[in-house]
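Visitor: I have a structure to look at, and I would like to talk it through. Could you take me through some of its features?

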Amino acid sequence: MTKTIYLVRHGQTYFNYYHKVQGRCDSPLNERGIRQVEAARDYFKKNKIHFDQAFSSTQERACDTLEIITDHQMKYERLKNLREKSYGIFEGRDEFLLPWNYGNDHVDPTMEPNEEVVARMNRAILAILDKLADGQTALVAGHGDILARYVREKTEKEDFAGFKNASIVKLEFEDKKPHFVSYVWPAENLE
């Protein structure tokens with residue numbers, strides 16, 4: 001039988017708005033980010049999507065996202081393995097300083113390697129799947145880089161463009177193998 005996981009990226013934060021590298025740094029949701037998450041919540045309600053369990057990164061922006069989506073009515077588990085990639089010395093600095101913006105694929109040794117990011121996310125998903133019974137559905141609130149890398153490397157969607165703030169990917173699992181079902185961004189037209 002199938003297990004379903006909805007991956008949701010947190011809403012816009014102040015760091016997102018000011019184009020700062022966030023990674024392990026934490027910045028709260030701003031007003032727009034809250035409205036984006038409310039749009040995701042409304043999408044789930046409109047489509048009568050029920051969550052049996054919920055999980056979040058330990059970072060504030062993801063926890064707040066999950067709490068808004070569930071109207072603060074659902075207990076959830078915070079998992080360290082869902083935290084965003086560590087950008088090392090670039091944390092809190094302007095995004096334009098990241099080396100790949102200049103065609104430099106060199107990753108600073110203070111950054112968490114991409115392979116470790118995906119391996120961490122995979123461990124989190126496997127732990128979540130072990131807690132779900134057949135036919136159950138889970139909500140997972142997390143971060144753009146780690147969620148997108150997982151989707152690209154573990155599903156058939158190698159060309160997945162990535163997560164916008166408060167966007168949603170639905171995955172179905174058979175024997176712990178993920179299948180990409182859909183991507184939606186309920187807040188796409190939000191002013």
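Guide: Glu 77 counts as partly exposed because its relative accessibility is 31%; buried means under 20% relative accessible area, exposed over 50%, and partly exposed in between, with a 1.4 Å probe and protein chains only. This is a predicted model, in which local features need pLDDT of at least 70 and side-chain atom pairs count only at pLDDT 80 or more, while totals for chains, interfaces and linings use all residues. Residues are numbered from 1 along each chain as its sequence is written, and side-chain values use heavy atoms, with hydrogens and water left out.

Visitor: Which side chain does Glu 77 meet in a salt bridge?

Guide: Glu 77 meets Lys 131, at 2.9 Å from N to O. The two link distant parts of the chain, 54 residues apart: Glu 77 is in strand E3 and Lys 131 in helix H4 (residues 114-131). A salt bridge is a side-chain nitrogen of Lys or Arg within 4 Å of a carboxyl oxygen of Asp or Glu. Helices (H or I, at least four residues) and strands (E, at least two) are DSSP runs, numbered from the N terminus.

Visitor: Why does Lys 131 count as partly exposed?

Guide: Lys 131 counts as partly exposed because its relative accessible area is 39%.

Visitor: How many salt bridges does the structure hold?

Guide: The structure holds eleven salt bridges. Side chains of opposite charge can pair when their charged atoms come close.

Visitor: Which residues are linked in a network of salt bridges?

Guide: Arg 41, Asp 42, Lys 45 and Asp 71 are linked in such a network. Between Arg 41 and Asp 42, the closest N and O atoms are 3.2 Å apart. For Lys 45 and Asp 71, the corresponding distance is 2.7 Å.

Visitor: Let us turn to H2. How many residues does H2 have?

Guide: H2 has 16 residues and reaches 22 Å from its first C-alpha to its last, close to the expected 22 Å at 1.5 Å a residue. The expected span is 1.5 Å times one less than the number of residues.

Visitor: Which residues in H2 are buried?

Guide: Gly 33, Gln 36, Val 37, Ala 39, Ala 40, Arg 41 and Phe 44 are buried in H2. Their cover includes strand E1 (3-9), helix H3 (60-69), strand E4 (137-142) and strand E5 (168-174).

Visitor: What is just after H2?

Guide: Just after H2, Lys 48 takes a positive phi of about 55°. His 19, in the loop between H1 and H2, has a phi near 55°, a positive value in a residue other than glycine.

Visitor: Where is Tyr 18 found?

Guide: Tyr 18 is found in the loop between helix H1 (14-17) and helix H2 (31-46). Tyr 18 counts as exposed because its relative accessibility is 52%.

Notes. Contact = heavy atoms within 4.5 Å.
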